[in-house]
Amino acid sequence: MPLVNLRTVLDHAAANSYGVAAFNVNNMEQIQAIMEAANETESPVIVQASRGARSYSQDNYLRHLMLAAVELYPHIPVVMHQDHGNSPKTCISAMDNGFTSVMMDGSLLEDAKTPADYDYNVKVTKEVVALAHAKGVSVEGEIGTLGSLEHKEPSAAPKAAEPHDADLEQEPEPEGAMSHLTDPEEAERFVADTKVDALAVAIGTSHGAYKFTRKPDGDILAMNVIEEIHRRLPNTHLVMHGSSSVPQELQDEIRKYGGKMNQTWGVPVEEIQRGIKHGVRKINVDTDNRMAMTGAIRKVFSLTPEKFDPRDYLKPAREAMKKVCIDRMVAFGQAGHARKIKV
Ligand SMILES: O=C(CO)COP(=O)(O)O
Ligand SMILES: O=C[C@H](O)COP(=O)(O)O
Ligand SMILES: [Zn+2]
Ligand SMILES: [Zn+2]
């Protein structure tokens, strides 16, 4: 099966009430982890690459790795998606490189930092939709600004609690300082104005490990906003960004083998499952896989410091990521659907 577009997979997900994880990739081992997980669970796949990933891995390598994936697993529908395209130009270059789906994130200006106004967002998103739909490529748009509802300062990073925490490197906040929850009325207008295939909404999640300083409740994770958007847009595929769960055991593993990480909370899987009942079809997960790989590599380095063959740590890293992918594929309900999607 050739790469398929996002619309094909998400229409099937909507018709059968499940969600699909969209995993970020930067290299071969991550693509292999996802494909092995999909093969074992018979899951359709969304692989996504950020601008950073495209420049790290280079488009040519990435394209051929994705072609290898569909060649090896012809029964699995695979979407190759541009994550957070910052301009029509970025989305066009993704399409030129074989991506079957693009996100035009016009909630921010081209610098991917400054919040944009509604008219700018509609203008760039419409432009990408026209070009993409002419090629059979799907488009994800975004309305609202991702970010924490807990912190009003320009960072979602936790306060340094202990002296040694001061030098911890925190994830940058690519979405800008202030979270701006999606306004359901504006979301309705945006979909009518742009005709996007999928819509990313802001409900208090943020990228990276430091999302919440406690297990999130309705005050800091606004799942009710999803329900309202879904009520107004029952036929629009909703997307949750920043949806890693930041599992306690992965935090513990990293700490146990010498990593520095403040205690933090992510988006509980059961909240995502609630979202899936209300129109969430694409769930973006990157951080959990990063943590799983890092924990596994740290363990090898710590327990067997004499090893220096990269395969000795990349293999366990790939296994650890595969385990996270399987967990999410089962929890989101995509498992078992790969062969049912007709292209
Ligand atoms: O939203 C994401 C990519 O677009 C990833 O979110 P996480 O950092 O929660 O994994
Ligand atoms: O959008 C966020 C993803 O986690 C990708 O992150 P990145 O830009 O560091 O590749
Ligand atoms: Zn955004
Ligand atoms: Zn994102």
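Modeller: A helix axis here is a line fitted to C-alpha atoms over the stretch in contact, and angles run from 0 to 180 degrees between N-to-C directions. Helices (H or I, at least four residues) and strands (E, at least two) are DSSP runs, numbered from the N terminus. The model is predicted, so local features need pLDDT of at least 70 and side-chain atom pairs count only at pLDDT 80 or more, while totals for chains, interfaces and linings use all residues. Residues are numbered from 1 along each chain as its sequence is written, and chains are lettered from A and ligands numbered from 1 in the order in which they are written.

The axes of α11 (residues 287-303) and α12 (residues 310-332) come within 8 Å and cross at roughly 145°.

L250, E253 and I254 of α9 take part, with D288 and R298 among their partners on α11. This contact divides into four nonpolar, two polar and four charged residues.

Now for ligand 1, which 13 residues surround, with H241, S244, N284, D286 and T287 the closest; to be near, a residue needs its C-beta atom, placed from the backbone, within 6 Å. Strands β3 and β8 (280-285) each give this shell at least two residues. The shell has one nonpolar, ten polar and two charged residues.

Around ligand 2 we find N24, S50, G52, A53, D83, H84, H207 and D286. Here α3 (51-57) and β3 (78-85) each supply at least two residues.

Which residues does UniProt place under "binding site"? In an unreviewed entry, they are H84, H207 and H241; such annotations may be inferred rather than shown by experiment, and positions use the numbering here, with feature names shortened. These residues span 158 residues in sequence, yet no two of their C-alpha atoms are more than 11.7 Å apart, so they gather at one spot.

H84 sits in strand β3, and H84 is buried because 26 other C-beta atoms lie within 10 Å. Buried means 20 or more such atoms within 10 Å, exposed 12 or fewer, and partly exposed in between, with C-beta atoms placed from the backbone. H207, in the loop between β6 (198-201) and α8 (223-232), is buried with 23. D83, also a residue of β3, carries the "active site" annotation in the unreviewed UniProt entry. D83 is buried, with 25 other C-beta atoms within 10 Å, and its contacts beyond four places in sequence are N24, Q48, A49, S50 and M103.

Technical notes:
Two residues are in contact if their C-beta atoms, placed from the backbone, lie within 7 Å. Ala, Val, Leu, Ile, Met, Phe, Trp, Tyr, Cys and Pro count as nonpolar, Asp, Glu, Lys and Arg as charged, and the others, Gly among them, as polar.
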